Amino acid sequence: MGPCEVWVCPTEDEVRVYWGNGLHISVQNGSCIIVDTPEGISDTFVDFALMGVGIGILLHQRDVFALHASAVSIEGRTAVFVGQKGEGKSTTSIALGTRPSCEFICDDVVALHIDDQDRAWVWPDWGMAKLRPQVAEYIFGDEMHQMDLVDFGDEGRYIFQDGRVEGPRQVDCIYKCEFDKERSKGVEIVPINKRQSMVELLKNSYAPRFLGDSARPDRYMEYATSVTNAVSLKRLVRPHRLDIIPEVGSLIDSDLAHSARDGT
C-alpha cells in the first residue's frame, strides 16, 4: 500500500480513513475530525488529507452535496470543472484563475448548494492546491521555486496558495474535463443532456468515491437532479498538452459570457 493510498471503514455515525503512510483520521457525525499523525509525515500532507477526504466526508455527513472538482471565477462568472483524476481540473482552474479579473475559488472538494430559486452556489475553501512540477513550471515559470515542494508518494507536488475568496459564488456552468490523446484539432465545448449530466455528477460526487454504497445512492440521485435543474453541464474536450491552455481559457471566457443567468 503506497503512502497516498486510502482505506476507508464507514459505520453509521463514524468514518475512519487510513493512509498507507500511517496517517489515520476519524470523521464523526458531521461535527468533528480526529487526527492521528505518526512521526515523519509533513504538516502539508496532513492538511491536504483533512481538507480533502476529511472535509469531503464531513460534508456528506451534513447532507451537503460535494463534487470532486475545482472552481474559478472569471470576470464575475463561475465555472466548475469535474473529471477523473489526471484530467486537468486543478491545472485548468489555477491557470485560468490566476489571470487578471479572475479568482481561484477551490480545488478537490467543491461544495454546492441549490437555493429556493434553483440557483447553484459554490463556497470557497482554504485556497490551496497541488500541482505537478511540469504544470507549475508552465503556469508560474521561475516563480514555482518560491512554492513549497511536498512529497505525495509518486512524485513531489508544488503547493499553490491563493488569497481566500470571500462568500459563495453563483455557478454558471459545470465543465467535464476530458483529454483526447488522438485529437488533432483544438478545444471544443459540447453540451450534455440532462440524463447524461446526472450520470456525470454521480460519477464525480466526492464522498461516494470513498464510501461506496454506504453513501446512499438514492440521496445522491436527488442531489444530482437538483444540480442539473439549476446549472448546465458541458464537455470540455481538448488535446493532452499544456500549450493548449490559452485556447481553453479563451473558449471558456466566450462560453461563460454567453451563458444564461437569471434569464439573461
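Buried means under 20% relative accessible area, exposed over 50% and partly exposed in between, with a 1.4 Å probe and protein chains only. The model is predicted: local features need pLDDT of at least 70, side-chain atom pairs count only at pLDDT 80 or more, and totals for chains, interfaces and linings use all residues. Residues are numbered from 1 along each chain as its sequence is written, and side-chain values use heavy atoms, with hydrogens and water left out.

**View 1. Asp-115 sits in the loop between β7 (102-114) and β8 (120-122).** Strands (E, at least two residues) and helices (H or I, at least four) are DSSP runs, numbered from the N terminus. Asp-115 counts as buried because its relative accessibility is 13%. Its side chain reaches the backbone nitrogen of Gln-117 at 2.9 Å. The Asp-115 side chain also makes a polar contact with the side chain of Arg-119, at 2.7 Å. A polar contact is a pair of N or O atoms within 3.5 Å; within protein, one must be able to donate a hydrogen and the other to accept it, and residues adjacent in sequence count only if both atoms are side-chain atoms.

**View 2. Four strands form an open antiparallel sheet in the order β1-β2-β3-β4.** β1 (6-10) and β4 (32-36) are the edge strands, each pairing on one side only. From one strand to the next, the twist averages 15°. Two strands pair if DSSP finds at least two bridges between them. β2 (residues 14-19) and β3 (residues 24-28) are joined by 5 bridges. Val-15 has Val-27 as its bridge partner in β3. Helix α1 (residues 43-61) lies across β2, β3 and β4, at about 155° to β2. Axes are lines fitted to C-alpha atoms, for helices over the stretch in contact (heavy atoms within 4.5 Å). Angles run from 0 to 180 degrees between N-to-C directions.

**View 3. The largest nonpolar core has 51 residues.** Such a core is a set of buried Ala, Val, Leu, Ile, Met, Phe, Trp, Tyr and Cys residues joined through side-chain atoms within 4.5 Å. Leu-67, Val-80 and Ile-174 have the most contacts inside this core. α1 gives the most to it, with 8 residues. Apart from this core lies another, of 18 residues, including Phe-81 and Tyr-175.

**View 4. Strand β15 (residues 232-238) is mostly covered, with 5 of its 7 residues buried.** β13 (residues 173-179) runs parallel to β15, joined by 7 bridges. Cys-177 stands opposite Leu-236. β14 (residues 188-191) pairs with β15 in the antiparallel sense, over 4 bridges. Val-190 has Arg-235 as its bridge partner in β15.
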